[in-house]
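Thanks for coming, everyone. Let me put the structure up, and then we can walk through it.

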Amino acid sequence: MQTYLDFEKPISDLEGKIHELKKLAAEDESIDTSEEIARLEGRVREATEEIYSKLNAWQKTQVARHPQRPHFVDYASHLLTDFTPLAGDRGFGEDAAIQAGLARFRGQPVAVIGQEKGHDTKSRLKHNFGSPRPEGYRKAIRVMEMADRFGLPIISLVDTAGAYPGVGAEERGQAEAIARSTEMCLAVRVPMVSVVIGEGGSGGAIAIATGNRVYMLQNAIYSVISPEGAASILWRDSTRAKEAATNMRITAEDLKELGIIDDIIPEPVGGAHRDPQTVITSTGNVIEGALAELGKLSGDEVRAARRQKFLQIGRNL
């Protein structure tokens with residue numbers, strides 16, 4: 001069942017009428033509704049194109065959080081073969097919010113790290129809604145160290161509202177774990193390609209997104225704090241999240257202009273959730289191209305280029 005966002009009401013109304021006509025035709029075969037359905041489907045395409053051609057920052061935030069948007073497990077199942085997930089940080093325990101392991105990406109051995117939010121209540125609770133704890137980042141560090149030791153390129157898929165802010169996580173060194181994960185991203189001598197596929201929230205995202213190439217899906221967001229969090233701090237009013245989203249410049253277009261990301265991966269009209277296979281294939285193509293380009297560099301060149309990339313951010317503003 002399709003979930004509609006509040007600004008998609010014109011689309012919802014039209015598709016509701018199509019559903020009613022199809023149901024009517026199924027109940028009475030003597031009624032021909034094909035012509036009316038075709039007309040309404042054309043109006044749906046037009047309405048979708050019009051709405052999605054002028055999304056504001058808050059609307060893109062809603063699309064990035066859409067419950068039916070493809071998550072890490074969807075990308076992994078379509079892009080990877082022989083995926084062997086690794087569990088635990090060898091210090092405290094397992095954190096299912098971060099999925100990491102070894103796999104083959106289009107025949108090439110790679111290490112993969114990503115945040116998984118879950119698709120239903122059970123899986124969301126299992127993955128803690130994609131908000132990692134310290135042991136998740138320490139697991140990511142372990143996998144990056146392994147990749148560096150065996151010369152495996154690293155692919156990271158970012159999709160988190162932020163690291164988990166609970167008392168237990170803070171007691172176990174959340175900030176230190178995020179800092180060390182970011183440090184490891186900068187230190188490895190193998191190519192690292194990162195893609196923000198949904199939300200890229202705060203240090204929880206940057207901890208696995210400090211790659212040689214950083215890409216964003218067209219309707220993804222990437223920010224130092226959530227719009228609601230920024231509104232609460234700046235105005236003590238979380239209902240001003242829409243205003244905060246606009247001022248924070250968190251969209252892919254803004255971040256490319258600012259030099260934070262390298263490029264934008266287009267999404268199908270209506271968002272990635274309307275055609276997951278297309279956007280997953282496009283993401284795979286971009287990752288493949290980046291790995292081929294980076295594969296021509298030596299280990300020292302890969303690390304130096306990555307460090308320089310992040311040191312350069314903000315210098316030309």
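First, the ground rules. This is a predicted model, where local features need pLDDT of at least 70, side-chain atom pairs count only at pLDDT 80 or more, and totals for chains, interfaces and linings use all residues. Residues are numbered from 1 along each chain as its sequence is written, and side-chain values use heavy atoms, with hydrogens and water left out.

Start with the cores. A nonpolar core here is a set of buried Ala, Val, Leu, Ile, Met, Phe, Trp, Tyr and Cys residues joined through side-chain atoms within 4.5 Å. Buried means under 20% relative accessible area, exposed means over 50%, and partly exposed is in between, with a 1.4 Å probe and protein chains only. The largest core has 56 residues. Ile 113, Met 144, Ile 154 and Tyr 222 have the most contacts inside it. There is also a second, separate core of 14 residues, and it includes Leu 5, Phe 7, Ile 18 and Val 63. As a general point, nonpolar side chains in soluble globular proteins tend to be buried together.

Look at Met 144. Contact means heavy atoms within 4.5 Å. Leaving out residues up to four places away in sequence, Met 144 touches Ile 113, Ile 154, Ser 181, Met 184, Cys 185, Val 188, Met 192 and Ala 207.

Ser 181 is on that list, so let's turn to it. Helices are DSSP runs of H or I with at least four residues, strands are runs of E with at least two, and both are numbered from the N terminus. Ser 181 sits in helix α8, residues 174-187. Is Ser 181 buried or exposed? Its relative accessible area is 0%, so Ser 181 is buried. Where does its side chain go? A polar atom of that side chain lies 2.7 Å from the backbone oxygen of Ala 207. A polar contact is a pair of N or O atoms within 3.5 Å; within protein, one must be able to donate a hydrogen and the other to accept it, and residues adjacent in sequence count only if both atoms are side-chain atoms. With residues up to four places away in sequence not counted, Ser 181 touches Tyr 137, Ala 140, Ile 141, Met 144, Ala 207 and Ile 208.

Stay in α8 for Thr 182. Its relative accessibility is 17%, so Thr 182 counts as buried. Its side chain reaches the backbone oxygen of Ile 178 at 2.9 Å. Thr 182 also touches Ile 206, Ala 207 and Thr 210, again not counting residues up to four places away in sequence.

At 46% relative accessible area, Ala 179 is partly exposed. Ala 179 and Gly 203 are 24 residues apart in sequence, and their C-alpha atoms are 8.2 Å apart.

Now helix α2, residues 34-52. The expected span of a helix is 1.5 Å times one less than its number of residues. For the 19 residues of α2 that gives 27 Å, and the end C-alpha atoms are 27 Å apart, so the two agree. Ile 37, Leu 40, Gly 42, Val 44, Ala 47, Thr 48, Ile 51 and Tyr 52 are buried in α2. What covers them? The cover includes α1 (9-27) and α3 (57-64). Ser 34, also in α2, counts as partly exposed at 45% relative accessibility.

Next, the aromatics. The structure holds two aromatic pairs. Rings of Phe, Tyr and Trp (its six-membered ring) pair if their centres lie within 6.5 Å; planes under 30 degrees apart count as stacked, over 60 as edge-to-face and the rest as tilted. Phe 72 and Phe 83 have ring centres 6.3 Å apart and planes at 65°, so this pair is edge-to-face. Phe 72 is in helix α4 (residues 72-79) and Phe 83 is in strand β1 (residues 80-85), 11 residues apart. Phe 72 is buried at 1% relative accessibility, while Phe 83 is partly exposed at 27%.

Two arginines lie over rings. A charge sits over a ring if NZ of Lys or CZ of Arg is within 6 Å of the ring centre and within 35 degrees of the ring normal. Arg 172 lies over the face of Phe 92, at 4.3 Å from the ring centre. Arg 240 lies over the face of Trp 235, at 4.2 Å.

Last, the backbone. Most residues other than glycine have a negative phi. Arg 106 has a positive phi, near 50°, and lies in the loop between β2 (98-105) and β3 (108-115). Phe 129 has a positive phi of about 55°, in the loop between α5 (121-126) and α6 (134-150).
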